[in-house]
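Here is a short note for a first look at this model. Please read the points in order with the structure open.

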Amino acid sequence: MLTVLGITAPIFILIGLGFVSARIALINREQIRGLGAFVINFALPALVLRALVERRLDEVLNWPYLAAYALASLSLFTAGFAVARWLRGQGQSASAILAMGMSVSNSGFIGYPIAVMVLGQTAAVAMALGMLVENLLLIPLALALAEAGTQRGNGGWALLRETGLRLARNPLIIAIAVGLLLSLLQIRLPAVPLRVVDMLANASAPVALFVIGGSLYGLKLGGMGGDLVQTALGKLVLHPLALLLAFLLLPGVEPQLMVAGLLFASAPMMSIYPILGQRFGLEQRCAAALVAATVLAFFSISGLLALLRWQGLLPG
């Protein structure tokens, strides 16, 4: 429990700093949105770029694990989108962002620190594979569906073209494409650009968490209960269960890598989740879901670690 608390406590402290700063008017809502724009346009793309160019893809590719993680995450995304869109009557953009919250983990800031403490270097391999699925499949899919939801006046090819143009200008998508290309070609960034990328990437976590806290000030939870329950339940419970089922259906993944995958899937959604939702006016809803899932994750991940240790799947 203390291990998980040591990881989650700094997260809540940074969120709290953002909330208090907004509460005592040290920073206003427009400034919070400006910081969010900095994260989504500069810091987050730098983080993704760094993750993709640090290792050669052929050094970490494990096809059974990759297939299982993609199958589980995509299945949960599809189910989450369908429930939100057609059972709960949410708009297409809101449904896509909600489904992304259910299926994309906070791999770098919560999943990896926990996994590396109990599994060592296996955690780095699992994180790299998970980020491939998230950055190349789930996030682009969610953003494409959400962007399409804002273009209801267009139809057919016009809608497809408009959505493609918006995605082509998205800094996150550009960073994924450039990072993948550099990784495939085994090209290392020169020292100066690499240092700039490092500085921007290192700013993504604290600034994103501060923005979340600032966005929570004045938040009214009325009408958000259904979103919070669906997102938190899907992310913390259904995602790891879906991955466990995928491991059973697609054998060939070594036990330690399976454990790492379950820990990553059990993490709450990524810390920049509200910032991605900001483009569609959903930042407060996303921020509330993120905080609720992060609080609950302390208990759910602690329970998972205890279960895995009881089953003899953890060292020590």
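Which residues in H5 meet which residues in H11?

1. The contact. Leu-98, Gly-101, Met-102 and Ser-103 of H5 meet Asp-227, Gln-230, Thr-231, Gly-234, Lys-235 and His-239 of H11. Contact means heavy atoms within 4.5 Å. The contact residues divide into two nonpolar, six polar and two charged. Gly counts as polar here.

2. The packing. Helix H5 covers residues 92–103 and helix H11 residues 225–249. Their axes lie 7 Å apart, at an angle of about 35°. Axes are lines fitted to C-alpha atoms over the stretch in contact, and angles run from 0 to 180 degrees between N-to-C directions.

3. Basis. This is a predicted model: local features need pLDDT of at least 70, side-chain atom pairs count only at pLDDT 80 or more, and totals for chains, interfaces and linings use all residues. Residues are numbered from 1 along each chain as its sequence is written, and side-chain values use heavy atoms, with hydrogens and water left out.

4. The fold. The protein has 14 helices and zero strands. Helices are DSSP runs (H or I) of at least four residues, strands (E) of at least two, numbered from the N terminus. Of 316 residues, 52% count as buried, meaning under 20% relative accessible area with a 1.4 Å probe, protein chains only. Among contacts between residues at least 6 apart in sequence, 84% join residues at least 24 apart.

5. Leu-244. This residue is found in helix H11. Leu-244 counts as partly exposed because its relative accessibility is 35%, between the buried limit and the exposed one of over 50%.
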